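Colleague: Before I take coordinates from a model into my own calculations, I would like to learn how to read its features with care. Could you take me through some of them?

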Amino acid sequence: MTVAQRGGGRSEWERRQAAMRREAERAERERARQEKEAERRRKEQHISAQQELAERKTSEIDQRLGLFDSILTDALSKKPLRIEDLSVTPRIPPFNPGRLATAEQAPDWGDYPPIPPGPVGRLFGGGARHERALTEARRQYEEDLAAHEQRESQRLSALDRARAEYTSHLQALKAQAEAANAKLSRRRAGLDAGEPEAVEWFVDQVLQASRYPDDFPRRVQVAYRPENRDVVVDFEFPPNTTIPDIRGYKYVKTRDATDPLPRPITETKKRYAQLIAQITLRTLHEIFSATPPAVVEAVVFNGRLTTIDAATGKTVRLHLLSVEAERATFEDLVLAKVDPAACLKRLNALVSPNPYDLEAIEPFITFDLKRFRFTEDMDVVSGLDSRPNLIKLSPTEFEHLIRQLFVAMGAEAWTTIPSKDGGVDAVATSKNMFFGGVCLIQAKRWSGLVGLDAVHALTGVMADHNATTGVLVTTSWFGRASEQFAQRNRITLINGAELKHLLKKHLGADVIPGVTPPRRVRASNNTQTGRPGP
């Protein structure tokens with residue numbers, strides 16, 4: 001081999017090496033390009049996923065707020081609950097006996113006979129063997145047939161028992177439904193007659209049937225006052241944290257982070273105030289639309305919130321809203337178009353100045369709703385000497401008892417000199433009073449309705465003494481017009497049932513008011529003339 005050939009060989013080898021290096025470099029560039037492209041796609045997918053997550057979380061907040069905004073209008077679109085809707089229709093399950101419904105196939109003689117022998121087999125004794133086999137087959141067939149008939153008899157007996165049990169179960173279901181519907185009929189009659197238990201039960205059913213978000217509390221208390229034809233509702237509001245303090249989320253690419261966007265606190269507070277206003281109007285609407293007008297002429301709604309007192313660590317229930325609505329006034333409203341807060345103002349509602357910050361409104365006196373269940377108990381025990389009868393106290397004794405009650409409730413109170421009281425039986429001061437300042441107290445040991453003129457008179461005395469609030473206490477009861485006037489003029493009315501409750505709570509005195517309000521006095525009737533007790 002020549003040197004040139006060897007040189008040429010070396011040049012060819014070098015060319016192949018160079019080509020291989022170029023191919024490796026190209027492959028490396030392609031791999032790097034693909035990795036870069038894959039990284040770009042991964043980043044784009046990550047960014048897109050994070051943006052979609054932020055949009056989805058924002059949409060969830062918007063949907064929740066949209067649900068809150070339609071709390072009132074949603075209820076307006078639904079048919080009111082009727083007591084007939086609560087009737088029970090038994091769910092009749094189909095009769096399902098399972099395998100008992102299918103009869104077992106009977107033995108078929110065609111499956112038993114042996115195959116007869118052929119001509120050759122007969123020549124070698126096959127005929128006799130066949131006859132013996134045939135006899136055995138017939139015996140086996142009859143034995144299997146008898147066993148089948150026994151099993152079939154057992155199946156039919158079991159089927160009859162299953163059908164009898166099914167029939168008995170149906171009769172029990174129908175009897176339960178009939179009993180429930182009979183009870184419902186009695187409640188319907190009680191509702192139409194204005195019986196407290198029936199009215200309270202039905203109103204509770206109405207409110208429990210009202211659909212709210214799952215995380216809303218469902219605590220409601222209901223009382224019915226037949227003498228006033230009004231329903232009193234104690235309703236638990238959702239907490240202020242129900243309103244999201246985040247208005248949305250935004251993905252920031254430069255930091256690869258999803259940032260919450262805070263909601264302005266002013267908007268959060270306004271939304272919470274609107275929410276409890278809508279709940280209030282919705283509850284009033286549901287009660288009025290479902291109850292007979294002749295039985296429920298008004299609804300008193302008290303909205304409260306259960307929370308933890310930061311100072312004591314104890315659970316407290318703060319009163320945030322209270323309103324008394326007459327049916328005629330409420331039904332004249334176009335609820336689909338009202339501003340809830342403005343509507344409550346028109347209804348003279350007492351609303352917390354700042355419900356979001358749990359700024360409670362403190363009624364001068366708060367009661368357990370069960371205080372309204374007093375009429376039947378009074379009738380039973382009114383003649384017992386062991387319990388003092390307030391109507392039999394002297395005027396002076398009654399006034400002093402009222403003063404002691406206010407002192408026990410945390411006020412400083414003094415009774416006035418009878419001949420110089422100017423229409424004032426006692427004076428009380430307390431920093432915890434509803435309006436603060438001086439409170440004038442009138443105590444009326446009456447046996448009949450305390451009319452509107454008595455409340456008017458207290459207003460005049462308050463103006464003459466420059467008092468900030470007044471309390472009218474009686475052993476009897478007040479009419480609707482008196483309650484409405486008192487609400488507008490800084491006067492608290494305490495009827496006989498409420499007085500009984502307060503004396504028991506604060507003085508431990510178990511007393512008899514001595515007066516039973518009529519069960520069906522019209523709520524607006526103030527024509528009765530009250531009179532002092534004996």
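Colleague: What is the mean pLDDT of the protein, and where is confidence lowest and highest?

Modeller: Where pLDDT is low, the predicted coordinates should not be read in detail. This is a predicted model, and the mean pLDDT of the protein is 83, with 84% of its residues reaching 70 or more. Confidence is lowest in helix H9 (residues 375–381), where the mean is 31, and highest in helix H6 (residues 265–290), where it is 96. Over residues 369–385 the pLDDT is below 50, although the model gives this stretch 30 contacts beyond near neighbours in sequence. Residues 521–529 likewise stay under 50 in pLDDT, and the model has 27 contacts for them beyond four places in sequence.

Colleague: How many helices and strands does the protein have, and what share of its residues count as buried?

Modeller: The secondary structure comes to 13 helices and twelve strands, and of the 534 residues of the protein, 41% count as buried. Among the contacts with a separation of 6 or more, 70% are between residues 24 or more positions apart.

Colleague: At what angle do helices H10 and H13 pack, and which residues make the contact?

Modeller: Helix H10 (residues 395–408) packs against helix H13 (residues 496–507) at an angle of about 55°, their axes being 10 Å apart. H10 passes H13 in a left-handed crossing. On the H10 side the contact is made by Phe398, Leu401, Ile402, Gln404, Leu405 and Ala408, and on the H13 side by Leu499, Leu502, Leu503, His506 and Leu507. The residues of this contact divide into nine nonpolar, two polar and no charged.

Colleague: Which phi values do Asp256 and Asn348 have, and where do these residues lie?

Modeller: Most residues other than glycine have a negative phi. Asp256, which is not a glycine, has a positive phi of about 50°, and this residue is found in the loop between strand S3 (246–252) and strand S4 (257–262). Asp256 is partly exposed, with a relative accessible area of 43%. Asn348, also not a glycine, has a positive phi of about 60° and lies in the loop between helix H8 (340–346) and strand S7 (350–351). Asn348 is partly exposed, with a relative accessible area of 44%.

Note on methods
Residues are numbered from 1 along each chain as its sequence is written. This is a predicted model: local features need pLDDT of at least 70, side-chain atom pairs count only at pLDDT 80 or more; totals for chains, interfaces and linings use all residues. Side-chain values use heavy atoms; hydrogens and water are left out. Axes are lines fitted to C-alpha atoms, for helices over the stretch in contact, and angles run from 0 to 180 degrees between N-to-C directions. Helices (H or I, at least four residues) and strands (E, at least two) are DSSP runs, numbered from the N terminus. A crossing is left-handed if the near helix is turned anticlockwise from the far one by less than a right angle, and right-handed if clockwise. Contact means heavy atoms within 4.5 Å. Ala, Val, Leu, Ile, Met, Phe, Trp, Tyr, Cys and Pro count as nonpolar, Asp, Glu, Lys and Arg as charged, and the others, Gly among them, as polar. pLDDT is the predictor's confidence in each residue, from 0 to 100. Buried means under 20% relative accessible area, exposed over 50%, partly exposed in between (1.4 Å probe, protein chains only).
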